[in-house]
Structures are given as structure tokens and as C-alpha cells.
Amino acid sequence: MSKLSRTIVGRLILAGLCGVVTWPSLWAQTSVRTVKVLGARDAVEIEVEASDRIVPQTQILTGPDRLVIDFPNAVPSNQLRSQSVDRGEVKDVRIGLFQGKPPITRIVLDLKSAQSYQVFPSGRTVIIKVLGGGAGDAAAGIDNSPLEHSSDEHS
């Protein structure tokens with residue numbers, strides 16, 4: 001075999017191996033599988049479950065009041081749908097792919113008024129608890145941030 005043929009064959013084999021290495025990472029992408037509304041009359045809990053460990057990033061927006069929870073490196077499953085909640089201070093839960101590359105699944109809780117909330121991440125599951133009674137209520141938790149910041153604080 002000539003030197004040129006060996007070089008071409010070597011590059012083709014290398015390209016094939018690179019393809020084998022990158023394809024599994026596409027198949028193993030984390031998926032947000034379910035979003036369930038739980039909780040009692042005053043405190044609404046949203047349970048988010050994924051195929052792998054997820055780390056939430058929260059931000060609060062006003063005008064209208066809403067709590068935004070992003071899950072980087074995760075895509076929403078095809079079965080997820082936005083939901084009308086109308087329980088406690090939560091009006092609606094909206095779910096979608098906020099960004100494609102890298103993927104970010106975004107969940108938006110539309111609120112009736114500014115509220116305190118807590119976020120409890122635990123591996124593949126995250127619980128978001130919206131506390132009733134307004135933003136003045138304080139409770140212990142991993143994240144207990146009132147929803148009363150100005151909208152220019154978070155874009």
C-alpha cells in the first residue's frame with residue numbers, strides 16, 4: 001500500500017473513531033421527564049424529575065411576578081405540557097426548551113403576587129415550594145429567596 005493510501009485510511013479510521021466517541025454523549029443527554037404540581041391549599045410544591053442529576057438555577061422576575069427555574073444541560077421530554085394550576089399563589093406552570101446549544105430547560109411559575117420560595121435539589125429530583133402568605137413569610141430551606149426584586153436585577 002502506498003504512503004498516501006495509508007495516510008487516507010488512517011485518517012478515515014480516526015474520523016470513524018471520533019464519531020463513535022461523540023455519538024454516545026448525544027444519547028446520554030439529561031431529560032426533564034416529569035413536572036408535577038403537589039402541595040396543600042397555601043403551599044404549592046412543584047416536583048421536577050429528570051433522567052439524571054439536575055442542578056436548578058433560579059431567578060425572580062416582576063411585572064408580572066414569576067419564578068424562573070432553569071435546568072442547564074437538560075432537554076424537556078416530549079410529554080411535558082404547561083399546566084394551569086390556580087392553587088395558592090401559583091397561576092400557571094410553563095415548561096419548554098429555553099436554549100438549544102447548550103440545552104436549557106426552563107420552568108416558569110406565574111404567580112398572583114410576590115412570594116417566598118424554597119428549592120430542594122436531590123439528585124434527579126428537585127422540589128420547588130412556593131409559600132403562601134406573601135414574600136414577608138420566612139422559612140428555612142436551601143434557597144429561600146423572596147420574589148420582590150426589581151426586574152432589572154435579572155434579565
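**Reading the fold**

Author: Start with the order of elements. Along the sequence, the protein chain runs α-β-β-β-β-β-β-β-β-β-β-β. That comes to one helix and 11 strands. Keep in mind that this is a predicted model.

Reader: What share of the 155 residues is buried?

Author: Buried residues make up 34% of them. The chain exposes about 9100 Å², and carbon and sulfur atoms supply 54% of that area.

Reader: In which sense, parallel or antiparallel, does β1 pair with β2?

Author: Antiparallel, over seven bridges. Strand β1 covers residues 30–39, and β2 covers residues 44–50.

Reader: How should I think about side chains on a strand?

Author: In a regular strand they alternate between the two faces of the sheet. Now take a case. Thr-105 sits in strand β8, residues 104–111.

Reader: Is Thr-105 buried or exposed?

Author: Buried. Its relative accessible area is 0%, and the cut-off for buried is under 20%, so Thr-105 qualifies.

Reader: Which backbone oxygen lies 2.8 Å from a polar atom of the Thr-105 side chain?

Author: That of Ala-74. Beyond its neighbours within four places in sequence, Thr-105 also contacts other residues, including Val-32, Ile-69, Phe-71 and Gly-96.

Reader: What share of contacts with a separation of 6 or more joins residues 24 or more positions apart?

Author: In this chain, 53%.

Methods: Residues numbered from 1 in each chain as written. Predicted model: local features only at pLDDT ≥ 70, side-chain atom pairs only at ≥ 80, totals over all residues. Heavy atoms only, no water. Pairing = 2+ DSSP bridges. Helix = DSSP H or I, 4+ residues; strand = E, 2+ residues; numbered from the N terminus. Buried < 20%, exposed > 50% of the residue type's maximum accessible area, 1.4 Å probe, protein only. Polar contact = N/O pair within 3.5 Å; in protein donor to acceptor, adjacent residues only side chain to side chain. Contact = heavy atoms within 4.5 Å. Areas by Shrake-Rupley, 256 points an atom, 1.4 Å probe, with all protein chains shown as cover.
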